[in-house]
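Visitor: Hi, I'm new here. Could you show me what we're looking at and talk me through it?

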Amino acid sequence: MLQPGDHAPVFTLPNADMGRVSLDQLLGQRNLVIYFYPKDDTPGCTMEALDFTDLQADFDAAETDVVGISRDTCTSHGAFRDKYGLTVQLLADTEGEACEAYGVWREKEAHGEKRMGIVRSTFVVDKSGVIRHALYDVKPKGHAAQILELVQAL
C-alpha cells in the first residue's frame with residue numbers, strides 16, 4: 001500500500017475520448033486527486049462521480065484536478081460521463097497496471113464469494129508528485145467533500 005510521502009506511481013492511460021493522459025501531464029501546476037472506483041454506472045460509483053463533479057468549482061479554486069480510474073473501457077467511460085454530465089476526467093485502466101501500482105486491485109468478498117476487484121481508494125498528490133494522502137477502502141457518501149477539505153489544507 002502506498003503511504004503519504006511516497007511518489008505517485010506514473011501511468012499513461014486513455015480517457016473517455018481515447019486521448020492519452022499521463023501522470024506527468026497532470027502534475028506541475030496543480031494538485032491532483034486520483035480516485036479508483038469499481039465500475040461505471042453503479043450506484044456508489046455514480047454517487048461518488050456526481051459528488052466530485054458537483055464540487056468541481058471548489059477543486060478548481062484549490063488548484064486541483066480530479067481524475068477517476070477504473071478498469072472499464074473508454075466507451076463505457078464516455079457513456080457514463082455523458083449519461084450523468086460528469087466533468088471528472090475518467091481514465092481506462094483495462095489492463096490493471098495503474099490499479100496494481102497503486103495497490104487497489106485486491107481480493108474482495110461479496111455474498112460469500114471471493115473475487116478480484118478494485119478497492120475504492122483515493123490519493124491526494126501534490127504538484128511535485130508526492131502523495132499527501134492515501135485512503136483505501138473508502139465509502140462513496142460524502143467522500144468528495146472529505147477530499148476537498150484535505151486538498152484545501154495543502
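Predicted model: local features only at pLDDT ≥ 70, side-chain atom pairs only at ≥ 80, totals over all residues.

Visitor: Okay, which residue forms a salt bridge with Arg81?

Guide: Asp82 does, with the closest N and O atoms 2.9 Å apart. A salt bridge is a side-chain nitrogen of Lys or Arg within 4 Å of a carboxyl oxygen of Asp or Glu. Asp82 counts as exposed, at 54% relative accessibility. Salt bridges with shared partners also join Asp17, Arg81 and Asp82 into one network.

Visitor: How many salt bridges are there in the whole structure?

Guide: A search turns up 9. Another one of them pairs Asp72 with Lys39, with 3.1 Å between the closest N and O atoms. Asp72 sits in the loop between strand E4 (64-70) and helix H4 (74-84), and Lys39 in the loop between strand E3 (31-36) and helix H2 (43-54), so this pair ties together parts 33 residues apart in sequence. Helices (H or I, at least four residues) and strands (E, at least two) are DSSP runs, numbered from the N terminus.

Visitor: And is Asp72 buried or exposed?

Guide: Asp72 counts as buried, at 6% relative accessibility. Lys39 is partly exposed, at 44%.

Visitor: What about Glu48, which residue does it bridge to?

Guide: That's Arg120, and their closest N and O atoms are 2.8 Å apart. Glu48 is in helix H2 and Arg120 in the loop between strand E7 (113-118) and strand E8 (121-125), so the pair links distant parts of the chain, 72 residues apart. Both Glu48 and Arg120 are buried.

Visitor: Switching topic: where does Thr53 lie?

Guide: Thr53 is in helix H2, and counts as buried at 13% relative accessibility.

Visitor: Which residues is Thr53 in contact with, leaving aside neighbours within four places in sequence?

Guide: Gly85, Leu86, Thr87 and Val88; contact means heavy atoms within 4.5 Å. For Thr87, the backbone nitrogen lies 3.2 Å from a polar atom of the Thr53 side chain.

Technical notes:
Residues numbered from 1 in each chain as written. Heavy atoms only, no water. Buried < 20%, exposed > 50% of the residue type's maximum accessible area, 1.4 Å probe, protein only. Polar contact = N/O pair within 3.5 Å; in protein donor to acceptor, adjacent residues only side chain to side chain.
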